[in-house]
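Here is a short note to read beside the model. Keep the structure open as you go through the points.

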Amino acid sequence: MAIFSSQQGWRLRSLFLPGALAAAVLATGCAPLLAPPYAADYETLDKLEATRPGMVALAKAQPTDAEEKVNTVRLRSARLLSPSGSFAQYLQDAMMRDLGEISVYDPKAPTRIAARVLVNEIDLGVINGSGRMEVEITVTRDTTQRLRKTYRAETAFDSSYASIVAVPAGQAAYPRLVRALLRQVYADPQFVAAIGR
């Protein structure tokens, strides 16, 4: 009888546990989530390095206000936050890391890159999710503007109607969206010419 009760209890716990875990995840669905760290596209960086760019500095990416629309990314009931404080700063940190990787970043360089985030969205969809980003890049050398151009990138990912699947998928997609945007920038001949020696 004791064995039967123990087995019965185990069966009840095994049925209850997955439901409890799902409920716990959904209960925290409205809690803020952090965007994962950015990872560079080394193939694109190698190509940029091969063009022998000059040293560059970065201006403060805009907008800086964390409450600006482009610095707020909603994943249904959850809010995705930047570990850098704002998504403009996330982009700036990504560029600084990339340019540092190819040894061309120098905060005192006369060539300066400024970025303004215009669009920054993750849409979880129902079956397929998508991300969209637009950034205006301005390159100046001393007082001369060498480039002012808007770059656009989109990314797609598998999603779901269920938030328990869709929210982590959207969270994981964010650094890929930034990487896709920066790939467009670094591969653009006009950008390459603007930061050239």
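1. First, a term. A salt bridge is a side-chain nitrogen of Lys or Arg within 4 Å of a carboxyl oxygen of Asp or Glu. Lys-149 and Asp-188 form one through their side chains, at 3.1 Å from N to O. Lys-149 sits in strand β7, and Asp-188 sits in the loop between α4 (163–187) and α5 (189–194), so this pair ties together parts 39 residues apart in sequence. Helices (H or I, at least four residues) and strands (E, at least two) are DSSP runs, numbered from the N terminus.

2. A word on the source. This is a predicted model: local features need pLDDT of at least 70, side-chain atom pairs count only at pLDDT 80 or more, and totals for chains, interfaces and linings use all residues. Residues are numbered from 1 along each chain as its sequence is written, and side-chain values use heavy atoms, with hydrogens and water left out.

3. Now accessibility. Buried means under 20% relative accessible area, exposed means over 50%, and partly exposed is in between (1.4 Å probe, protein chains only). Asp-188 is buried at 9%.

4. How many salt bridges does the whole structure hold? The search finds eight. One of them joins Arg-132 to Glu-121, with 3.3 Å from N to O. Arg-132 belongs to strand β6 (residues 128–141) and Glu-121 to strand β5 (residues 111–123), so the bridge ties together parts 11 residues apart in sequence. Arg-132 is partly exposed at 32%. Glu-121 is also partly exposed, at 35%.

5. Next, Arg-148 and Glu-136. Their closest N and O atoms are 3.2 Å apart, in a salt bridge. Arg-148 is in strand β7 (residues 144–158) and Glu-136 in strand β6, so parts 12 residues apart in sequence are tied together. Arg-148 is exposed at 55%, whereas Glu-136 is buried at 18%.

6. Please check the backbone too. The peptide bond from Gln-62 to Pro-63 is cis, with omega near -5°. Pro-63 lies in the loop between β2 (57–58) and β3 (73–75).

7. Which residues other than glycine have a positive phi? Among them is Arg-52, at about 55°. Arg-52 is in the loop between α2 (42–50) and β2, and is exposed at 55% relative accessibility. Arg-76 also has a positive phi, near 55°. Arg-76 lies in the loop between β3 and β4 (78–81), and is partly exposed at 31%.
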